[in-house]
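Welcome, and please open your viewer. We will go from stop to stop, selecting a few residues each time and looking at what is there.

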Amino acid sequence: MKKYTRLSLLFLVLTVMVSCIHDNTTGYIREISEITISGIRGEAFAEGENVAYVNLLVPTKMEAEVGQSMEEYELFYEWKAGKITERKSDGTIVYDSLGMISEERVLEHAFEHVGEYLLRLRVYNEFGSSFYYVTVQVRAGMEEGLLILSENEDRGRVSFVATKDELLSLSSEDVDTDVWSRLNDDYDLQTPRDVLAIEEGNVYLISETQQCLYELDNSTLEVLRKMDLTLMTPEIKPVTIARHGQGSDLRVLSADGTCVLCQIEYDGLTKDDMGNNTKYEKIIPFRYELFWGIYNNTSFLIDNENGGIIMSGTNYKSGNELANQRIINCNMSKNNQLYVVSVANDNPSRVKVTYYGVFSLWFGCFSNPVSYEYDLSSSSLTLTPETDLLLNGLYNVFYYCQGNKIYRWRYSQPNSPLPTADDAENACTVPSGEVTCMAQSADGKYLYVGVWDESASSALKGSVYIYNADTWEIENQFTGIADKPVKIIYKQY
């Protein structure tokens with residue numbers, strides 16, 4: 001009887017279970033709030049693309065476009081990123097493990113390394129999660145643009161405005177005024193004097209009192225190394241640098257007139273390879289074509305102690321034509337003729353312009369000198385050793401600056417004197433302040449004029465004016481973006 005009872009009960013339970021499986025009746029069912037992510041928006045996204053383009057170490061905001069079917073439930077956010085290491089031919093990507101970068105609804109993040117990243121957004125509530133993926137291209141932001149080196153009370157500053165041929169449409173707000181302190185806070189930049197960029201190399205910057213040369217990454221402007229220039233020249237106070245040869249060697253001119261060769265590949269060690277103890281007053285870089293698009297770099301050194309000019313790394317020297325003269329300045333013309341401006345030692349009002357034959361690899365740059373002289377009247381010479389003669393090949397003129405003015409010397413006109421301060425056609429006065437340095441656009445159409453205005457109300461009193469090189473019109477201006485400008489270069493590497 002007991003056995004039968006047990007079998008009956010077992011049959012009854014199975015029957016109930018089967019009945020429940022086929023029961024079509026409905027009871028209480030809990031609804032879920034489904035999450036929908038339609039995209040991520042922000043200024044970093046190119047129109048119509050699922051890719052964000054951001055600059056290195058610059059905070060970028062991104063916000064997800066999220067909805068859910070039931071609004072009363074709280075949403076949670078999780079942003080993760082991993083660097084993409086490979087893109088395979090079938091379209092798949094390989095990336096580093098995803099690391100958490102934010103749990104806020106709006107992402108505000110600065111990427112610390114250049115490269116391509118996979119960004120994953122996870123949005124979840126108590127029911128489940130939804131995911132959304134985008135790629136982020138982190139650019140250095142320093143590949144091309146205007147670099148302004150400046151100082152205030154010996155403290156250095158690097159300002160940069162990144163551009164792709166858009167300088168005329170940008171404003172002061174587009175200038176990054178704290179590049180050095182943001183990227184290189186481990187280095188205290190003092191008394192910066194010169195900077196240059198090498199197309200197949202890096203950016204080099206010198207400090208006078210720190211007696212060193214900084215090598216910066218060409219794309220990021222981050223310090224790669226700081227080179228002590230006193231290891232072989234203890235008293236050096238570097239003020240000017242010029243590229244030498246086809247590699248990354250540099251000529252460095254010290255404040256005391258010593259000129260040395262800085263051999264970058266040997267950790268910045270320097271040596272005096274001139275074979276003498278001459279004290280030079282100025283170094284002027286010169287780039288010339290060896291043959292078929294192959295270029296070399298050298299420089300001219302002004303030697304007023306011996307009344308001449310030498311071409312560094314060669315045996316080429318000027319002759320007696322500059323004897324009893326104090327050389328003021330010089331530079332190569334459009335057709336590779338060296339132009340030299342000097343004044344008589346016994347009569348500083350007597351100006352002499354000497355130009356030489358066309359430079360050649362066989363005869364150098366001091367052949368067939370031709371000179372003309374003229375007397376200054378009531379005005380003084382507007383050209384000084386402290387400024388640079390800036391060759392403009394588009395208009396075949398030299399530009400230079402002094403005080404609050406920019407000058408245009410039409411050197412190619414026969415016996416052309418240098419412009420005076422009253423020359424309305426060839427002298428231009430900046431709106432306010434002192435012109436401290438200049439550069440020009442690659443096509444020669446624009447001048448980038450660095451101005452220091454102590455009376456300016458802004459915290460930073462250095463500005464850059466962009467002038468039309470032909471009409472003297474100001475096409476754009478970046479005001480209050482630097483300290484006292486020391487050097488301006490247009491970097492396009």
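Begin by selecting Arg182 and Asp176: they form a salt bridge, with their closest N and O atoms 2.3 Å apart. The term salt bridge here means a side-chain nitrogen of Lys or Arg within 4 Å of a carboxyl oxygen of Asp or Glu. Arg182 is partly exposed at 28% relative accessible area, and Asp176 is partly exposed too, at 22%. (Buried means under 20% relative accessible area, exposed over 50%, and partly exposed in between, using a 1.4 Å probe and protein chains only.)

A word on what you are viewing: this is a predicted model, where local features need pLDDT of at least 70 and side-chain atom pairs count only at pLDDT 80 or more, while totals for chains, interfaces and linings use all residues. Residues are numbered from 1 along each chain as its sequence is written, and side-chain values use heavy atoms, leaving out hydrogens and water.

Next, select Arg105 and Glu63. Their closest N and O atoms are 2.3 Å apart in another salt bridge. This pair links distant parts of the chain, 42 residues apart: Arg105 sits in the loop between β6 (99–102) and β7 (106–109), and Glu63 in strand β3 (residues 60–68). Strands are DSSP runs (E, at least two residues), numbered from the N terminus. Arg105 is partly exposed at 42%, whereas Glu63 is buried at 19%.

Move on to Glu425 and Arg410, a salt bridge whose closest N and O atoms are 3.2 Å apart. Both lie in the loop between β29 (405–409) and β30 (427–429), so the pair ties together parts that are 15 residues apart in sequence. Across the whole structure, a search finds 21 salt bridges.

Which residues have the most contacts inside the largest nonpolar core? Select Ile40, Met62, Trp79, Leu119, Leu121 and Val136, which hold that place in a core of 24 residues. Elements giving two or more residues to this core include β1 (35–41), β4 (76–87) and β9 (129–139). (A nonpolar core is a set of buried Ala, Val, Leu, Ile, Met, Phe, Trp, Tyr and Cys residues joined through side-chain atoms within 4.5 Å.)

Zoom in on Val136: leaving aside neighbours within four places in sequence, its contacts (heavy atoms within 4.5 Å) include Ala52, Val54, Met62 and Phe111.

For the last stop, select Leu381, Leu389, Tyr400 and Leu418, which are among the 19 residues of a second, separate core.

Terms used:
Helices (H or I, at least four residues) and strands (E, at least two) are DSSP runs, numbered from the N terminus.
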